Amino acid sequence: MSEPAIRLTGLRKSFGAVHAVDGVDLEIADGEFFSMLGPSGSGKTTVLRLIAGFESPTAGTIELAGADVTRRPPYERDVTTVFQDYALFPHMSVLDNVAYGPRVRGVGRRERRERAEEALRSVRLDGYGARRPAQLSGGQRQRVALARALVNRPRVLLLDEPLGALDLKLREEMQVELKALQRQVGITFVFVTHDQQEALTMSDRVAVFAAGRIEQVAAPAELYERPASPFVAGFVGTSNLFAGDEVLGRPGSFALRPEKIHLDGNGDCAAPGTVAEVVYAGAFTRLVVDLDAGPRLVVLQTSAPGLDALRDRPVRLTWNSSDLIALDKE
């Protein structure tokens with residue numbers, strides 16, 4: 001088996017008394033689209049900066065393709081970073097922006113122009129080389145930043161919330177484009193985001209961070225269907241968390257996804273309650289139900305006439321026991 005593109009062992013980073021990264025062990029496979037997901041302050045961006053060489057670890061090692069780069073400066077690491085603010089040179093043309101990296105590395109004029117044009121074609125911006133960044137849309141500027149990163153042909157591309165400044169529709173379009181681009185170029189992408197839907201949509205695997213540690217690493221479907229802790233269950237998607245002795249008559253902590261609950265369905269579990277709120281959200285309607293047993297559950301239903309009339313009415317919720325997620329860790 002080939003060496004992983006990235007291996008982190010016992011990685012720690014402290015800023016005074018604050019442990020931003022607190023003992024991270026992680027392997028990322030060559031050619032993988034890997035996301036680091038977590039709330040602000042969870043340590044994901046610091047890990048990215050440690051991989052890039054912008055920060056030095058307090059302890060632990062960083063390996064790229066089997067080589068220890070822990071103490072190497074950024075320019076001696078075969079990685080390139082794309083930031084949220086694009087960091088394009090406004091006085092340069094798009095082509096010159098993309099060709100800047102090869103130029104700094106001493107690549108001849110003809111070759112760097114050919115490589116820059118090839119990189120622009122790969123992000124579907126051929127023909128835009130003569131424009132200035134100010135003449136482009138937000139999505140086009142983001143693609144220029146990607147082309148400028150790809151032109152150096154790095155082994156690993158690090159992306160620090162690169163879609164965060166885009167509006168929702170454009171961000172969703174760029175998610176699809178970015179994943180297609182990663183498949184096309186075949187290099188390892190490490191993507192930092194706080195947007196759970198973004199991570200689930202694009203990634204081969206996701207690491208969920210909390211308080212400087214990794215809570216779980218898994219494929220998106222496993223992460224959503226089988227969260228390893230209450231934090232993951234609550235952060236990735238929407239989960240109803242409750243004590244089993246209240247609702248199920250047995251001990252333990254459990255999670256249940258809102259879309260798994262039905263109104264008077266045929267599930268083998270049932271609980272009566274009262275609808276406290278009805279929230280219309282287009283294709284789906286969210287019902288907030290206070291169970292007679294105490295807990296409040298969120299129920300997701302396909303929008304249909306009459307759901308709004310359920311507010312303040314008693315209902316019977318049902319679900320299958322196989323959809324319950326047992327949470328052993330506190």
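Which residues in α2 meet which residues in α4? In this predicted model, Val 94, Asn 97 and Val 98 in α2 meet Val 144, Ala 147 and Arg 148 in α4, where contact means heavy atoms within 4.5 Å. Helices here are DSSP runs (H or I, at least four residues), numbered from the N terminus.

A word on conventions before I go on. The model is predicted, with local features needing pLDDT of at least 70 and side-chain atom pairs counting only at pLDDT 80 or more, while totals for chains, interfaces and linings use all residues. Residues are numbered from 1 along each chain as its sequence is written, and side-chain values use heavy atoms, with hydrogens and water left out.

Two packed helices are described by the angle between their axes and the distance between the axes. For α2 and α4 the axes, which are lines fitted to C-alpha atoms over the stretch in contact, with angles running from 0 to 180 degrees between N-to-C directions, come within 7 Å and cross at roughly 30°. That makes α2 roughly parallel to α4, the cut-off for that word being an angle under 35 degrees. The crossing of α2 and α4 is right-handed, meaning that the near helix is turned clockwise from the far one by less than a right angle.

Helix α4, residues 138-150, also packs against helix α5, residues 168-185, with axes that come within 11 Å and cross at roughly 20°, and so α4 is roughly parallel to α5. On the α4 side the contact includes Gly 138, Gln 142 and Leu 146, and on the α5 side it includes Leu 170, Met 174 and Leu 181. By class, this contact of α4 with α5 has 7 nonpolar, 3 polar and 2 charged residues, where Ala, Val, Leu, Ile, Met, Phe, Trp, Tyr, Cys and Pro count as nonpolar, Asp, Glu, Lys and Arg as charged, and the others, Gly among them, as polar.

Turning to α2 (residues 94-104) and α3 (residues 109-122), their axes come within 9 Å and cross at roughly 125°, and the two helices are therefore oblique to each other. The contact of α2 with α3 has 8 nonpolar, no polar and 5 charged residues.

Notes: Angles under 35 degrees count as roughly parallel, over 145 as roughly antiparallel, 65 to 115 as roughly perpendicular and the rest as oblique.
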